[in-house]
Amino acid sequence: MDALIHLVGGFAVALRPLNLALAFTGVFVGTFVGMLPGIGPINAIAILIPITFAAGIPPESALILLAGIYYGSQYGNSISTILLNVPGTASAVVTALDGNAMTRQGRGGPALAMAAIASFFGGTVSILGLALFAPLLAEWAIRFGPAEYFALMVFAFAALSSLAGGSLVRGLAATGFGLLLATVGLDPNSAIPRFTFGQIKLLDGMDFVVVTIGLFAVSEVLQLLEDTERGRSAMATYGRVMITMKEFTTSLGTMIRGSVLGFLVGVLPGAGGTIASFLAYSTEQRVSDREGTFGKGDIRGVAAPESANNAAANGAMIPLLTLGVPGSGTTAVLLGALLGLGVTPGPLLITEEPDLFWGLAASMYVGNVFLLLLNLPLVGVFVRALTLPRWFLLPGVAALSFVAVYAVNQSPFDLALMTGFGVVGWLMRKTGFPLAPVILGLVLGPLMEKSLRRAMALSGGEWGVLFDSPIALVLWALAAASLVLPPLLARRTRLPYAAAQAEGDT
């Protein structure tokens with residue numbers, strides 16, 4: 001009850017005219033920043049931090065603006081992901097599986113509308129969790145040590161096998177390729193170059209933007225060119241722009257599960273939206289994909305990762321504010337902004353800075369309302385981009401890809417590397433290998449390696465430390481179940497469904 005009273009006080013802070021204007025500005029900027037791959041919320045927040053300092057606005061108002069950019073970009077990135085198959089963040093990769101497939105079927109409008117609604121739903125659930133369980137979840141999160149994080153990574157990779165379109169071997173092979181890419185660069189302990197082949201540009205490892213845009217955007221352009229050459233229609237026109245009531249009710253359970261899972265994963269420092277969106281999608285595929293439509297344009301495949309992604313973004317504020325532990329690059333920049341504003345995150349922040357904590361929690365809900373009101377009317381405008389002539393759209397996507405990659409490091413080498421990954425992605429598409437596991441392996445590989453090395457260092461090289469804690473054992477059990485149960489469940493659920501369909505056809 002006390003938390004709800006404090007939350008009401010937080011709304012009094014969030015509804016001040018200045019804070020309302022800053023929340024709207026934040027989500028507006030975040031949406032358009034998210035639409036442009038390669039820029040990302042980190043750069044936008046870093047640019048605005050000096051401006052907020054110079055303007056002399058209160059700390060809670062500054063954080064409302066910067067946080068609005070953070071979670072606003074989560075939805076903005078879904079626009080380019082769904083319409084053009086150009087994900088700018090790892091957490092948006094899984095949205096492309098069904099979102100872009102819906103676009104190809106002429107349902108890009110409902111996919112974008114569902115992304116907006118699911119993002120709002122995930123934000124609402126996570127804000128309630130933030131208000132009610134922040135201290136408790138912060139205490140739970142610190143129980144995750146290196147061994148637990150390593151088991152969590154294994155569970156994420158095992159769960160990802162379901163994204164391989166039914167082929168466990170192809171899914172694990174793609175994951176292994178991603179993990180291999182993650183080893184490129186300097187060894188984190190000895191600083192010895194690994195798999196760089198003498199290229200100085202590879203000492204920092206494989207850049208996520210380069211690999212992702214190459215695998216998805218460039219390979220998409222190559223695939224569209226091939227389809228055009230062969231006379232196949234590669235891009236559908238748009239139809240309706242809103243979801244139906246049936247689509248909403250069908251996806252309601254999906255959004256609830258995705259929001260809760262995303263929030264819990266987001267609380268873990270270092271986990272964030274990437275693991276949340278992948279786990280939410282794979283979980284929902286196991287729970288409700290009896291027809292085998294996930295990955296082929298199922299709207300629930302958009303609702304699951306988008307609700308989890310936004311919930312994780314809000315959940316990541318808990319370790320940031322209550323422990324001072326950032327869970328991602330963006331929250332690390334937010335931590336720097338907090339310290340620059342004279343605010344020290346920690347367990348006492350809730351009691352010492354109630355206006356900041358509760359005002360931020362309430363502003364996140366207000367910002368999500370702004371996102372919904374801002375983006376739903378614009379769905380039709382976004383989707384009209386698909387009506388552009390093919391001779392204009394394809395060079396436009398290619399140009400966007402090259403500009404986004406070059407803007408990161410201003411490196412011609414990155415452009416050549418991106419093109420190479422585009423060819424690899426095109427070949428993987430043709431041979432039936434999924435692209436999403438590659439990205440997850442690349443993103444989580446470094447964290448997995450660091451967790452394993454830290455666990456080994458703490459235990460003196462004893463492998464048993466990976467199985468000592470109850471949390472680790474549960475995660476290992478879930479990983480094993482993720483590999484063993486799906487084939488059995490698929491056989492038990494799809495056979496009755498097929499029999500019922502055959503009976504209905506007769």
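Ring pairs join F24, F28, F32 and F370 into a cluster. Rings of Phe, Tyr and Trp (its six-membered ring) pair if their centres lie within 6.5 Å; planes under 30 degrees apart are stacked, over 60 edge-to-face, and the rest tilted. The model is predicted: local features need pLDDT of at least 70 and side-chain atom pairs count only at pLDDT 80 or more, while totals for chains, interfaces and linings use all residues. Residues are numbered from 1 along each chain as its sequence is written, and side-chain values use heavy atoms, with hydrogens and water left out.

The whole structure holds 9 aromatic pairs. In one of them, F28 and F32 are tilted, with 5.0 Å centre to centre and 55° between the planes. Both residues belong to helix α2 (residues 17-35), where a spacing of 4 residues separates them by about one helical turn. Helices (H or I, at least four residues) and strands (E, at least two) are DSSP runs, numbered from the N terminus. F28 is partly exposed at a relative accessible area of 36%, and F32 is partly exposed at 36% relative accessibility. Here buried means under 20% relative accessible area, exposed over 50%, and partly exposed in between (1.4 Å probe, protein chains only).

F150 and W476 form another tilted pair, 6.1 Å centre to centre with 55° between the planes. F150 is in helix α7 and W476 in helix α21 (residues 470-505), so this pair ties together parts 326 residues apart in sequence. F150 is buried, with a relative accessible area of 11%, whereas W476 is partly exposed at 22%.

Leaving aside neighbours within four places in sequence, L152 is in contact (heavy atoms within 4.5 Å) with L268, I275 and L475.

For the protein chain as a whole, the secondary structure comes to 21 helices and 2 strands. Of its 506 residues, 54% are buried. Among contacts with a separation of 6 or more, 80% are between residues 24 or more positions apart.
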